[in-house]
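Student: Hi! I'm new to this one and would like to look around with you. Could you help me find my way?

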Amino acid sequence: MRATAWPRSWFLPIIAVALVLRIVVCFVVGLPSSSADTPFYINEAAGLRLGLWSPMFPVGYPILIAAAMSIARDHLAGALLVLNVLMSTATVVFVGLSAEKLTSTRAGIVAAGITAIWPQQLNFVRLVLSEVLSTFFLTASAAFTCRSFDVFGGLALSGAILTRTIYGPVGPLAVALLTRDARRRAVRFGIGVAVPIAIVAAISYSRVGGVRLGNNLATNIIIAHRSTGNQVDFHDTTLTT
């Protein structure tokens, strides 16, 4: 017996639930919105608004914060949380669309439903950190590329890389995979990835004479290496910054 197809309209209640859950987590529950890294993002954003430029990559999230400061400086935290709610809800949509294109509408609905209630998604949406923005860009890239909107897929991935440089290797890997499908697709995607990164790097060189990648990846690896079980050594004095 053939299974009954799931209607695409089922995406709508899932998106609505995702939106409501994220609003509740950010504005009703009363959980803190900042962490140890939040002031660094805000300070770098304030510097950008003053015309200062740091050679430190990634700069994606500070650029977003600087834009929010220009619009809602007196309600910055609230504005950033609203953006988090919208981007995290959009992430649910992108995950669903990607799964639907790669497999079936049923799989897309299930994937969107899981993402809508996934604990880490709900936890990070309340924090002024770059995780929500980078995930938004990464899933947008997947959704666009699955539908052969390759330039937009590349542009979205460049946003993810400029927000968290750990995603850098995804670019060459995606270009290599697209080359197997069609070389023109790979070229379009590669241009979309490379141009924004090149522009930001050129600005950095013109302002401060260089570009320096963040070392949070190395630091995280060292922390993991020196930790066992629930004994996490966050205060190891041998860690470099």
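Student: Where does Ser-148 lie?

Tutor: Ser-148 sits in the loop between helix H7 (131–146) and helix H8 (150–163). Helices here are DSSP runs of H or I with at least four residues, strands are runs of E with at least two, and both are numbered from the N terminus. This is a predicted model, where local features need pLDDT of at least 70 and side-chain atom pairs count only at pLDDT 80 or more, while totals for chains, interfaces and linings use all residues. Residues are numbered from 1 along each chain as its sequence is written, and side-chain values use heavy atoms, leaving out hydrogens and water.

Student: What is the phi of Ser-148?

Tutor: Phi of Ser-148 is near 65 degrees, a positive value in a residue other than glycine. Most residues other than glycine have a negative phi.

Student: And how accessible is Ser-148?

Tutor: Ser-148 counts as partly exposed because its relative accessibility is 40%. Buried means under 20% relative accessible area, exposed means over 50%, and partly exposed is in between, with a 1.4 Å probe and protein chains only.

Student: Now for Ser-98: is that one buried or exposed?

Tutor: Ser-98 has a relative accessible area of 9%, so it is buried. Its place is in helix H4.

Student: Which residues is Ser-98 in contact with, leaving aside neighbours within four places in sequence?

Tutor: Ser-98 is in contact with Thr-139, Ala-142, Ala-143, Cys-146 and Arg-147. Contact means heavy atoms within 4.5 Å.

Student: Staying with H4, at what angle does it pack with H1?

Tutor: Helix H1 (residues 11–27) and helix H4 (residues 76–102) pack at about 155 degrees, and their axes are 10 Å apart. So H1 is roughly antiparallel to H4, a label for angles over 145 degrees.

Student: Which residues make that contact?

Tutor: On H1 they include Phe-11, Ile-14 and Phe-27, and on H4 they include Gly-78, Leu-81 and Glu-100. The residues of this contact divide into 13 nonpolar, four polar and two charged.

Student: Let's zoom out. How many helices and strands are there in the protein?

Tutor: The protein has 11 helices and two strands. From the N terminus on, its elements run α-α-β-α-α-α-α-α-α-α-α-β-α.

Student: And how much of the protein is buried?

Tutor: Of its 241 residues, 38% count as buried. Among the contacts with a separation of 6 or more, 69% come from residues 24 or more positions apart.

Terms used
Axes fitted to C-alpha atoms, helices over the stretch in contact; angles between N-to-C directions. Parallel < 35°, antiparallel > 145°, perpendicular 65-115°, else oblique. Nonpolar A, V, L, I, M, F, W, Y, C, P; charged D, E, K, R; others polar.
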